[in-house]
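Q: Please take a close look at the pockets of this structure, and then at the packing of its helices. A connected account with the cut-offs stated would be appreciated.

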Amino acid sequence: MEIRRRIATFVSDMNNHKTDILETIVAHKRHEVASQKGAVPLEMLLSMGGHRIERPVVSMRKALETSPSGIIAEFKRKSPSKGWLHPDAKVEDVVPAYESGGAAACSILTDSDFFGGSFSDLQCARSLVRLPLLRKDFVIDEYQLFQARVMGADAVLLIAAALKHDECRQLAQMAHSLELETLLEIHGEEELSYLNPDVDMLGVNNRNLGTFNTSVENSFRLVEQMQARVGNGRSAPLLVSESGLSDPATVQQLRAAGFRGFLIGETFMKTEHPGKTLKAFIEKLTKTP
């Protein structure tokens, strides 16, 4: 009842523009992770899923580099700003269709209260496809990295706005020690200071996580600063544009500007058949003029 009350208050405040959404989610996430650690200590987690940690990971970065589309298709049932997108969506229906439709990678939301995801969604996806899988969540604790590895993730999202610099650096280092790749998400130029040697992909979120307002112009605005910061060597983080992408022509423009990954969720998940929508999107995207 308490979590329902807090979420109801959050939604009411959000509608009245009285709350910072990211701050609210992260505060809740701290309580959630503490409860998870108490219920399933790390030793127990590893004993339950130790065999999965031995699984070779699939490089998301390489998949994006070599893909003609670079699309990271996202599985999510709802969002704090839009509510339910596809409440009855099943991983077994959507994620294999993403793979056959040409996605380069798949992002799986594992946050339950705000995005309608679950750990079982990621585990199920891992059992069904060979695509690299990104655990999409608000990672604030090393425990979540072990969860990600046990559940079958190949990469994890680290959100600069949700972390301090030293936290981001430590989490990225630990992710690499677990052979997980990292996608660092920024929203503004000032967050480029979060870059560290263990960042594999650098994403710019076109959605402001404080207000959840979206503008694709954010990617175009930041790309030159991002390129100047990461350089163009083989070890430079691969650039990813996230959120608000609904037009293949826009993705073509972003690719021309230097992006190689494109995280798209709502455009697909709000339709009856996300996999078919993705396939049609990619056909338009890769069609030779």
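A: The largest pocket has a volume of about 410 Å³. On a 1 Å grid over the protein atoms alone, a pocket is an open set of points where a 1.4 Å probe fits, with protein on both sides within 12 Å along at least five of seven lines, and lining residues have an atom within 4 Å of a point. Grid points are joined across faces, edges and corners, and a volume is the space filled by probe spheres set on the points. This is a predicted model, in which local features need pLDDT of at least 70 and side-chain atom pairs count only at pLDDT 80 or more, while totals for chains, interfaces and linings use all residues. Residues are numbered from 1 along each chain as its sequence is written, and side-chain values use heavy atoms, with hydrogens and water left out.

The largest pocket is lined by 28 residues, of which Glu74, Lys76, Arg207, Ser243 and Gly244 are the closest to its centre. At least two lining residues come from each of strand E6 (155-159), strand E10 (261-264) and helix H11 (266-269); helices (H or I, at least four residues) and strands (E, at least two) are DSSP runs, numbered from the N terminus. By class, this lining of the largest pocket has 10 nonpolar, 8 polar and 10 charged residues, where Ala, Val, Leu, Ile, Met, Phe, Trp, Tyr, Cys and Pro count as nonpolar, Asp, Glu, Lys and Arg as charged, and the others, Gly among them, as polar.

The second largest pocket holds about 240 Å³ of space. Among its 14 lining residues, Gly231, Asn232, Ala236, Pro237 and Leu238 are the closest to its centre. Helix H4 (60-66), helix H9 (217-230) and strand E9 (238-242) each supply at least two residues of this lining, which divides into 5 nonpolar, 5 polar and 4 charged.

As for helix packing, the axes of H5 (residues 91-101) and H12 (residues 274-286) come within 8 Å and cross at roughly 20°; axes are lines fitted to C-alpha atoms, for helices over the stretch in contact, and angles run from 0 to 180 degrees between N-to-C directions. H5 and H12 are therefore roughly parallel to each other, a term for angles under 35 degrees. Their contact (heavy atoms within 4.5 Å) involves Val94, Ala97, Tyr98 and Gly101 of H5 and Pro274, Gly275, Leu278, Lys279 and Ile282 of H12. It comprises 6 nonpolar, 2 polar and 1 charged residues.

Terms used:
Parallel < 35°, antiparallel > 145°, perpendicular 65-115°, else oblique.
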